[in-house]
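Keep the 3D view open as you read.

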Amino acid sequence: MVLYSFEIALLVVYLLATFGLAIYFGRKGREAASATEYFLAGRALPWYLIGLSFYASNMSGASFVGLIGASYAHGLAIFHYEWTAALVLVIFAAFILPVFLRARLFTVTEYLERRFEPRTRVLYSLFTLVTLLFIDMAGALYAGAVVMVTGLPFLDLWTACIVISLLTGLYTIFGGLRTVVITDALQALVLIVGASFVAVYGLAQVGGWHALVGELDKDKLQLFRSPDDDVLPWPGILGVVVLGLYYWTFNQYFVQRALAARSLQQGRWGALFGGVLKLPNLFLMIVPGLVAAALYPTLESPDKAFPTLTFELLPVGLRGIVLAAMLAAIMSSLDSALNAASSLVTMDLVKPLRRDMDERALFVIGRITTGAFMIVAAIYAPLIAGFGSLFEYFQSTLAYLVPPFVGIYLGGLLSPALSRRSAFWALLIVEPLAIALFLTMKVFGIWSAAGLPDLHFTYVAVL
């Protein structure tokens, strides 16, 4: 399963093209050297770039490797994570984005200061930085490293993580959000083509859809599962919506693109376009996982499903294109997280302390912060191998930690009666309890050892 030299050359050409785009589109940011240009692309993004960037940034390690791996392990029920994203983005476009754009926000956390108080904003910013670093960035790096090590066995996980982090970090530092969004658009197209190849070749190998259905256990073909199911109970779909509200509408990682829209209409169309692009993932992500389950039922880890399909089924040459698509997904996810993290540090933590700091100084701090996060994520990412499935690492962690933040955002948007101090004290009380519950149930096993009933993480999110 080793890549040939000309396949490696394809990857090099792809990476050079990405850097070329970064240099070309980063010129305006360097000329302006302003925080508005670096973090929000001058508030001039059109809808199609916003939508493609939404999609490409989401199709990261959690999707390309993790989602296909989850489908491999659990079947069709995993598609609920995709269609609910489209539903959430409709809600975002209709009701939430207009509030954010009217307020001319730099970061989604800025809303918390205006609706509640500054310390609520700081608390949420710190929490978001932790999730960006240890979930989004580290997860994307780990997924990319798993695939690179499969095709380039002379690399180990640590080296692969460092290589991907350096490549992505450099062009993100160089260009800011404008470069991130432009490269995301290119990578989304490469991503769709690459995933389509895997799905088509996989279905052909297994003998078509009807043959695939005949090979699989019936439980893998169930879309709606019983309330006591340990994969995704059907009432738990509401918990998936709760996670989606955080992930797509109150998360700087994604909302930053919509905040950079040239108008409300463009932002709304961009969000809706991103939601529409999620629906074909039934074919692009879920079906390949089912194919891998039929062809390779004894893989050591579900996260091996995508790289195994790629290197076992695809002809030489085409593997290089698909691996480029994988790198597209990883780099799109990572550049988005890096830019979002530097935005939060610069605009939420540094600027309030140094209000006299000019735009150029904030621009420089943003670049330095991007580099620092790039290094830390590369060091931590290989440790994810000890958590088991990448998809479960993402979903179960978020299910415990993010619902309190969804609650305060929805409370602020829907209830004018809430006092300005209420959000801070709610977070200060509930978030430590959420962390304690996560450690008790998922890390140390104290909950089950005490004989308490097991709760699916989607139920935990709703509760």
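## Contacts and overall make-up

Among contacts in the protein chain between residues at least 6 apart in sequence, 84% link residues at least 24 apart; contact here means heavy atoms within 4.5 Å. The chain has 24 helices and 0 strands, where helices (H or I, at least four residues) and strands (E, at least two) are DSSP runs, numbered from the N terminus. Of its 463 residues, 61% are buried, that is, under 20% relative accessible area with a 1.4 Å probe and protein chains only.

A word on the basis: this is a predicted model, in which local features need pLDDT of at least 70 and side-chain atom pairs count only at pLDDT 80 or more, while totals for chains, interfaces and linings use all residues. Residues are numbered from 1 along each chain as its sequence is written, and side-chain values use heavy atoms, with hydrogens and water left out.

Look for helix 13 (residues 237–249) and helix 21 (residues 403–414): their axes come within 9 Å and cross at roughly 70°. Axes are lines fitted to C-alpha atoms, for helices over the stretch in contact, and angles run from 0 to 180 degrees between N-to-C directions. Helix 13 is therefore roughly perpendicular to helix 21, a label for angles of 65 to 115 degrees. Val242, Leu245 and Tyr246 of helix 13 meet Pro403, Val406 and Leu410 of helix 21. By class, this contact has 6 nonpolar, no polar and no charged residues; Ala, Val, Leu, Ile, Met, Phe, Trp, Tyr, Cys and Pro count as nonpolar, Asp, Glu, Lys and Arg as charged, and the others, Gly among them, as polar.

Helix 16 (residues 281–295) and helix 17 (residues 305–313) pack at about 75°, with axes 10 Å apart, and are therefore roughly perpendicular to each other. Pro288, Val291, Ala292 and Leu295 of helix 16 make the contact with Ala305, Leu309 and Leu313 of helix 17. That contact has 7 nonpolar, no polar and no charged residues.

## The largest pocket

The largest pocket holds about 640 Å³ of space. On a 1 Å grid over the protein atoms alone, a pocket is an open set of points with protein on both sides within 12 Å along at least five of seven lines, a cavity is a set where a 1.4 Å probe fits but cannot get out, and lining residues have an atom within 4 Å of a point. Grid points are joined across faces, edges and corners, and a volume is the space filled by probe spheres set on the points.

Of the 32 lining residues, Asp230, Glu392, Ser396, Lys442 and Phe457 are the closest to the centre of the largest pocket. Helix 20 (390–401) gives the most to this lining, with 7 residues. The lining divides into 18 nonpolar, 8 polar and 6 charged residues.

## The second largest pocket

This pocket has a volume of about 400 Å³. Among its 19 lining residues, the closest to the centre are Phe127, Val130, Leu401, Glu431 and Ile435. Helix 22 gives the most, with 7 residues, and the lining has 16 nonpolar, 2 polar and 1 charged residues.

Conventions
Parallel < 35°, antiparallel > 145°, perpendicular 65-115°, else oblique. Buried < 20%, exposed > 50% of the residue type's maximum accessible area, 1.4 Å probe, protein only.
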